[in-house]
Amino acid sequence: MNHALLIFVITLRLLKMAVADEGICPSTSMVDSGSDLKHLYWKVTNPTLSPSHLQDLPGFTRSVYKQDHALITPESHVFSPLPDWTLTLGAYLITPAMGSHFVMYLAKMQENSRSGLPPNDVERFIFVVQGAVTLTNVSGTSDKLTVDSYAYLPPNGDHSLRCDASATLVVFERRHVSLENQSTDQIIGSTDEQPLLETPGEVFQLRKLIPTSISYDFNIHIMDFQPGEYLNVKEVHYNQHGLLLLEGQGIYRLGDSWYPVQAGDVIWMAPFVPQWYAALGKHRTRYLLYKDVNRNPL
Ligand SMILES: *[C@@H]1O[C@H](CO)[C@@H](O)[C@H](O)[C@H]1NC(C)=O
Ligand SMILES: *[C@@H]1O[C@H](CO)[C@@H](O)[C@H](O)[C@H]1NC(C)=O
C-alpha cells in the first residue's frame with residue numbers, strides 16, 4: 001500500500017469508529033476536534049488513563065482520598081451492577097462514607113437497560129454524558145434525553161429511564177430536605193438552553209441547571225473557563241461539592257495540595273476545604289458541580 005492509500009484507510013476506520021460510538025446523538029452534541037468527529041464530553045468516557053510515559057507503570061494512579069477532599073480519576077473507577085437497575089453498571093464515586101450528604105455515581109446503561117427508583121424521600125438528578133435515554137414519568141409522559149441533557153426528579157415520584165443502545169449518566173441523589181408548603185417539580189433541560197448568569201468579580205461562565213427557588217435544596221452548576229482563566233476567590237465555604245470535569249484540563253487546589261486534573265476526573269470537596277481552579281492547556285474547561293443551597297446549616 002502506498003502512503004496516501006494507507007492514510008485513507010486509517011481515516012475511514014477512525015470515521016467508522018467515531019460513527020459507531022455516536023449512536024443516535026443529535027448533531028448539536030458533536031464537536032469537531034480536528035478532522036474526526038467526537039461527541040460532546042467524549043473525553044469523559046474515553047479518558048487518558050495516565051500520562052503516556054506512566055501508562056504501563058504498575059500501581060500508578062492520580063487518585064487521592066483525604067479527610068476533606070478526594071480526587072477520583074478514571075483508572076480508579078470500579079463498576080459493578082447497580083442495585084435495582086437492570087443491565088446497568090455503576091461506579092459510586094462519592095457517598096456518605098466520605099462525609100457527604102449525597103451520592104454521586106456514574107451509570108453505564110447497556111442495551112435494553114432500565115433504571116431503578118431511589119429510596120423514599122430521595123431526589124435524583126441525572127445528566128447524560130454519552131448516548132441517549134428515555135425518561136418516563138409518573139404521568140406516563142416520555143422525554144428523550146441526549147448528551148448534555150438532564151433531568152431533576154422530585155422525591156417519591158415514580159419514573160423510569162430506559163436505554164435502547166448505550167448511555168453513560170452522572171447521577172446525584174440526596175434525601176430531600178423539605179420545607180413546609182414547598183414542593184419541587186420535575187425539571188428537564190439541556191445545558192445550552194440555560195442562560196449565562198452574572199459572576200461578579202469572576203471571569204468564568206456560569207449556568208445553573210435547577211431553579212434557584214427555595215424549594216430546591218441543591219443546584220447543579222456548569223462552569224466554563226478558557227485556558228488561563230482561574231477562580232479569583234480562593235473559596236472556603238460551608239457547602240459540599242461533587243464535581244465532574246466534562247472538558248479540558250487544569251490545576252485544582254484542594255487544601256494544601258495542587259492537582260493536575262482533566263476531563264473524566266471526579267472531585268469530592270467537604271465543607272470548608274480551601275478550593276481553587278485554573279484552566280490550562282489549549283481547550284475550554286467545563287465542569288459540572290453539585291452544591292447544596294437554600295437550607296440553614298443549623
Ligand atoms: C402552610 O399552609 C398552611 C395552610 O394554607 C398555613 O396555615 C401555614 O401557615 C403555611 N405554612 C407556612 C410556613 O407558610
Ligand atoms: C411528566 O413529564 C411531562 C413532560 O416532560 C411534564 O409536562 C409533566 O409535568 C410530568 N409530570 C410530572 C408529574 O412531573
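How much accessible surface does the protein chain have, and what share of the surface belongs to carbon and sulfur atoms? The accessible surface comes to about 14800 Å², and 56% of this belongs to carbon and sulfur atoms; areas were computed by the Shrake-Rupley method with a 1.4 Å probe, and for residues only the protein chains shown count as cover. The model is predicted: local features need pLDDT of at least 70 and side-chain atom pairs count only at pLDDT 80 or more, whereas totals for chains, interfaces and linings use all residues. Residues are numbered from 1 along each chain as its sequence is written, chains are lettered from A and ligands numbered from 1 in the order in which they are written, and side-chain values use heavy atoms, with hydrogens and water left out.

The protein chain contains two helices and 21 strands (DSSP runs, numbered from the N terminus, of H or I with at least four residues for helices and of E with at least two for strands). Of its 298 residues, 48% count as buried (under 20% relative accessible area, 1.4 Å probe, protein chains only). Among contacts (heavy atoms within 4.5 Å) with a separation of 6 or more, 67% are between residues 24 or more positions apart.

Residues up to four places away in sequence aside, L246 touches Y41, V44, F127, V129, I222, A263, R286, Y287 and L288.

Strand β7, residues 102-114, includes S113. S113 is buried, with a relative accessible area of 0%. Beyond its neighbours within four places in sequence, S113 is in contact with T86, L87, T88, L161, R162 and C163. The C-alpha atoms of S113 and T86 are 5.3 Å apart, although the two residues are 27 apart in sequence.

Oxygen atoms of ligand 2 lie 2.2 Å from a side-chain N or O atom of N137, 2.8 Å from one of D143 and 3.2 Å from one of Q186. The protein covers 52% of the 360 Å² of accessible area that ligand 2 has on its own.

Definitions and conventions. A polar contact is a pair of N or O atoms within 3.5 Å; within protein, one must be able to donate a hydrogen and the other to accept it, and residues adjacent in sequence count only if both atoms are side-chain atoms. Buried means under 20% relative accessible area, exposed over 50%, partly exposed in between (1.4 Å probe, protein chains only).
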